[in-house]
Amino acid sequence: RMDLDLELIGYPAVREAFNDVLQLCVERLGKSELKLAEELLGLAECDGIAANAAAMLADTALYSAKQKSGPHGSARRAIDRIAPRLPLKRDPLGAHIAARLPTARFSVFLVERMHEDGAVLARDLLDECAAIRVMDRALAAQVAALGEFAIAGRLVDLGPWHIGFGIVVPLRRSEAMAIRLGIADEADLTDARATLHELVYPAHLHGLDLVMLALEPAITALADAIDKGDLGIDDLVTGLGALLPGRPAPKQKRKAFAP
């Protein structure tokens, strides 16, 4: 085994190796995996695929789980099948990247500021705002010019820093918050994050309202709680009124509701 010093190797060489390994993975995708990705992204009926859609299609095909047949079949992603089998035994850097690819996570990030080494400091908004260091020149240029901003994308931890897949979806603050609220009550956040790209990519590609799509599960659960009597209407109105800008919370009525 060889210990790699990625900082010594340098970001340009690591980025090039990363792109090469990722391309090897994409070339090994099966027809069924690509078909599933087309269906998830709503591209099955499209005549042509734009450049940004092609990148999202490949990412979805690699990281979306396909259920195995049989009563005890388990869901498995293409990246779990492909990455360990890449012919990289004589390429330590490529082998290191391939080993880390299955651990890559799609999330919502707040890019805060530049780091002194050229990286950017960001926070994973779906992981208790954990601080990470991301090496990405495009993000560095943007945060230097505009200040902090929110994005959705897939990052992988290579050791000294995280690196992105090049598919970055800019988010409005309302969209970032809606995604956080939408998965806040999920029993298994890992599962929710694993399929988050299947929400963000189609909304971005088809111009859908990401805020409403992200909040739909929470709204459905809220409506169900109201219908079951688990949540009082007066309490709900009071809480929502306090949240709405420029609108004071309505005063509680002492008189009981009578039909």
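# Rings, charges and cores: a short tour

Both Tyr 63 and Phe 165 are buried, and I'd like to start our tour with those two. Before we go on, please keep in mind that this is a predicted model.

So, what kind of aromatic pair do Tyr 63 and Phe 165 form? The pair is edge-to-face, with 5.9 Å from centre to centre and 80° between the planes. If those two numbers are new to you, here is the idea: a pair of aromatic rings is described by the distance of the centres and the angle of the planes. Now find the two residues along the chain. Tyr 63 sits in helix 4, residues 51–63, while Phe 165 is in the loop between strand 7 (162–164) and strand 8 (169–171). The pair therefore ties together parts that are 102 residues apart in sequence.

Together with Phe 18 and Phe 165, Tyr 63 makes up one aromatic cluster. There is also a charged neighbour: Arg 154 lies over the face of Tyr 63, at 4.0 Å from the ring centre.

How many aromatic pairs does a search of the whole structure find? It finds four. Let me show you another of them. Phe 106 and Tyr 201 are buried, and their rings also form an edge-to-face pair, this time at 5.4 Å centre to centre with 85° between the planes. That pair links distant parts of the chain as well, with Phe 106 in strand 3 and Tyr 201 in helix 10 (residues 197–206), 95 residues apart.

Let's step back and look at the whole chain. The protein chain contains twelve helices and eight strands. It has 259 residues, and 37% of them count as buried. The chain exposes about 15600 Å², and carbon and sulfur atoms supply 55% of that area. Among contacts between residues at least 6 apart in sequence, 58% join residues at least 24 apart.

Next, the inside. Which residues have the most contacts inside the largest nonpolar core? They are Phe 18, Leu 62, Leu 101, Val 108, Phe 165, Leu 171 and Ile 179, in a core of 59 residues. Apart from it lies another core, of twelve residues, including Val 111, Val 143, Phe 149 and Ile 151.

Leaving aside its neighbours within four places in sequence, Leu 171 is in contact with Val 108, Ala 150, Ile 151, Ala 152, Ala 176, Ile 179 and Leu 210.

Now for the charges. Side chains of opposite charge can pair when their charged atoms come close. In this model the count comes to ten salt bridges, and I'll show you a few.

One joins Arg 77 and Asp 80, with the closest N and O atoms 2.9 Å apart. Both ends count as partly exposed: Arg 77 has a relative accessibility of 22%, and Asp 80 has 23%.

A second one joins Arg 123 and Glu 112, where the closest N and O atoms are 3.1 Å apart. Here Arg 123 belongs to strand 4 (residues 120–124) and Glu 112 to strand 3 (residues 105–114), eleven residues apart. Arg 123 is partly exposed at 31%, and Glu 112 is partly exposed at 25%.

In a third, Arg 172 pairs with Glu 175, again with 3.1 Å between the closest N and O atoms.

My last stop is a network of salt bridges that links Arg 105, Asp 124, Asp 127 and Arg 193. Look at Asp 124, which has its place in strand 4. Although its side chain is part of this network, Asp 124 counts as buried, at 4% relative accessibility. Setting aside neighbours within four places in sequence, Asp 124 is in contact with Arg 105, Ser 107, Val 108, Phe 109, Cys 129, Ala 130 and Arg 193. Among those contacts are two members of the network, Arg 105 and Arg 193.

Terms used. Residues are numbered from 1 along each chain as its sequence is written. This is a predicted model: local features need pLDDT of at least 70, side-chain atom pairs count only at pLDDT 80 or more; totals for chains, interfaces and linings use all residues. Side-chain values use heavy atoms; hydrogens and water are left out. Helices (H or I, at least four residues) and strands (E, at least two) are DSSP runs, numbered from the N terminus. Buried means under 20% relative accessible area, exposed over 50%, partly exposed in between (1.4 Å probe, protein chains only). Contact means heavy atoms within 4.5 Å. Accessible areas come from the Shrake-Rupley method with a 1.4 Å probe; for residues, only the protein chains shown count as cover. A salt bridge is a side-chain nitrogen of Lys or Arg within 4 Å of a carboxyl oxygen of Asp or Glu. Rings of Phe, Tyr and Trp (its six-membered ring) pair if their centres lie within 6.5 Å; planes under 30 degrees apart count as stacked, over 60 as edge-to-face and the rest as tilted. A charge sits over a ring if NZ of Lys or CZ of Arg is within 6 Å of the ring centre and within 35 degrees of the ring normal. A nonpolar core is a set of buried Ala, Val, Leu, Ile, Met, Phe, Trp, Tyr and Cys residues joined through side-chain atoms within 4.5 Å.
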